[in-house]
Amino acid sequence: MKSIRWFVAGFVVMMLFGWVIFPAILYTHEEQPLQFSHKVHSGETVGLPCQDCHRLSADGRFEGVPAIAKCAECHAEAIGSTADERLLVEEYVKKGREIPWLVYARGPQNASFPHASHLIGAGLACERCHGSQGTAESLPAFRRNRISGESQAIWGTSIAGFKMAEWDGMKMDDCARCHRERGVANTCLKCHK
Amino acid sequence: MVIDLDRCTGCGACVIACAVENNVPPAHEGTTPRTGLTWMRVVRVDDGRSFPDTRSVFVPLMCQQCDHHTPCVSVCPQNAVEYDEETGIVTQVPVRCLGCRYCMTACPYHARYFNWWDPEWPAGMEQTLNPDVSTRMRGVAEKCNFCHGRLQAARAKAAAGSRPLAPDDYQPACVEACPTEAIVFGDLNDPRSTVSAAASSPDTFRLLEHLGTGPKVRYRSRSAAVRESLTRNSVSSEKEQVHG
């Protein structure tokens, strides 16, 4: 009886460590330099289309997160009265500094991802890969894997690798699976550089 | 790709353009002709006679993109080297490489290189790196892949324009840099392309033709002696030039 109790106690401790404590210490918890609300900007208040800030240029390059010049179009002076907006105007717009955004989706340096092929070629929506970030009210904390240095968005939120949603996790396997389903050739140097 | 040896002056512009395009670092201190990273180099081959009778030819040398028995692909224990059926390009994924250098031994053209050192750039020069090509690390092999960064950019551009990739959508850096237009690049399978016209001329040949690796890099020269010598003999020698 006693040995079973020890076994159960050890099992519980190890499970707790593996499933709760390890993931908590594996990832950092970094705040974005300032809060930004997609809901305000692409929702009813301002109503900017996504392409206004996340432009795909005609030569196929995706411009990603907009430069400070884009924000300055409207925020040359503070419009509202929030602390984040004041920070934006005082620290970045007036000083002409770029905001050091932490990009959740960005993969390792050796992988290359063409938005053009997926948005135009494959006709996919942003939500398929990014979830509801485009309508979110605030930016969540950025979580970096302390071992690999990559964003948590690559592996996904579940430490066991279960997909919590279709867009959760963007590992090589996740890219390749969709390509297989849609008959896109998976040769290494299509995605690697 | 077809390289016209009669036009090549050995200036080395292709070597520099290649290194800049593909983020090849400056040679590390202590680099020898055998340990340098020279995706592309220009080798001088002469006929062995002494001055003033000697005749020499400059041979730009890079991965020959073998078509059959692709030696490096078949020996790689890691699947880090792949033959791309769609383009015919022999590709290399350095992050997958374990550094055994088996591929370098297998390559009859000595066109594969090993990173003996971590890459280092003079201060400030890392700002000029090409974002479309990843930098490598110590302990992996690398080689020419016909500027895949440009191919990927061309694919993205074609996708943005909702059209399929056209064979002449991109040119590798060496082709662009050559001042005498000695290098022609395109789709060898397209009978109307300039490159297939050049490749079907009777004065073209392949290096070490008898090995049967079927390189997709062809050379041409009007001199029968040059054709004869390069078809049979290995061109890499002690005189290998090192990019520095």
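Local features are described at a pLDDT of at least 70 and side-chain atom pairs only at pLDDT 80 or more, while totals for chains, interfaces and linings use all residues. Residues are numbered from 1 along each chain as its sequence is written, chains are lettered from A and ligands numbered from 1 in the order in which they are written, and side-chain values use heavy atoms, with hydrogens and water left out.

**View 1. Confidence in the complex and in chain B.** The predictor assigns the complex an ipTM of 0.84 and a pTM of 0.91. Chain B has an average pLDDT of 89, and 96% of the residues score at least 70; pLDDT is the predictor's confidence in each residue, from 0 to 100. Among the elements of chain B, helix 5 (residues 173-177) of chain B has the highest mean pLDDT (96), and helix 7 (residues 224-232) of chain B the lowest (87). Over residues 237-244 of chain B the pLDDT falls below 50, although this stretch has 22 contacts in the model beyond near neighbours in sequence. Contact means heavy atoms within 4.5 Å. Where pLDDT is low, the predicted coordinates should not be read in detail.

**View 2. The interface of chain B and chain A.** Here 21 residues of chain A are in contact with 22 residues of chain B. The two chains bury about 1800 Å² between them, 55% of it on carbon and sulfur atoms; buried area is the accessible area (1.4 Å probe) that two parts lose on being put together, summed over both. Across this interface there are 10 residue pairs in polar contact, both residues being at pLDDT 80 or more. A polar contact is a pair of N or O atoms within 3.5 Å; within protein, one must be able to donate a hydrogen and the other to accept it, and residues adjacent in sequence count only if both atoms are side-chain atoms. On the side of chain B that touches chain A, strand 5 (90-92) and helix 4 (148-160) of chain B each supply at least two residues. The largest share of that side, 8 residues, comes from helix 4 of chain B. Helices (H or I, at least four residues) and strands (E, at least two) are DSSP runs, numbered from the N terminus.

**View 3. A salt bridge between the chains.** The rule finds 2 salt bridges across the interface of chain B and chain A. A salt bridge is a side-chain nitrogen of Lys or Arg within 4 Å of a carboxyl oxygen of Asp or Glu. Arg61(A) forms one with Asp132(B), with the closest N and O atoms 2.8 Å apart.

View 4. Asn110(A) is found in the loop between helix 5 (83-93) and helix 6 (115-121) of chain A. With a relative accessibility of 17%, Asn110(A) counts as buried; buried means under 20% relative accessible area, exposed over 50%, and partly exposed in between (1.4 Å probe, protein chains only). Apart from neighbours within four places in sequence, Asn110(A) is in contact with Cys191(A), His192(A), Lys193(A), Val95(B) and Ser134(B).

View 5. Gln65(B) is found in the loop between strand 3 and helix 2 of chain B. Gln65(B) is buried, at 0% relative accessible area, and its side chain reaches the backbone nitrogen of Val90(B) at 2.8 Å. His69(B) is found in the loop between strand 3 (56-61) and helix 2 (71-75) of chain B, but counts as exposed at 63% relative accessibility. Phi of His69(B) is near 55°, a positive value in a residue other than glycine. Most residues other than glycine have a negative phi.

**View 6. Leu208(B), with a positive phi.** Phi of Leu208(B) is near 45°. Leu208(B) is found in the loop between strand 9 (204-205) and strand 10 (218-220) of chain B, and is buried, with a relative accessible area of 8%.

**View 7. Salt bridges around Asp174(A).** The side chains of Asp174(A) and Lys163(A) meet in a salt bridge (3.2 Å, N to O). Asp174(A) lies in helix 9 (residues 172-181) of chain A and Lys163(A) in the loop between helix 8 (152-155) and helix 9 of chain A, so the pair ties together parts 11 residues apart in sequence. Asp174(A) is buried, with a relative accessible area of 8%, whereas Lys163(A) is partly exposed at 35% relative accessibility. Lys171(A) also forms a salt bridge with Asp174(A), the closest N and O atoms being 3.2 Å apart. Salt bridges that share partners join Lys163(A), Lys171(A), Asp173(A), Asp174(A) and Arg177(A) into one network.
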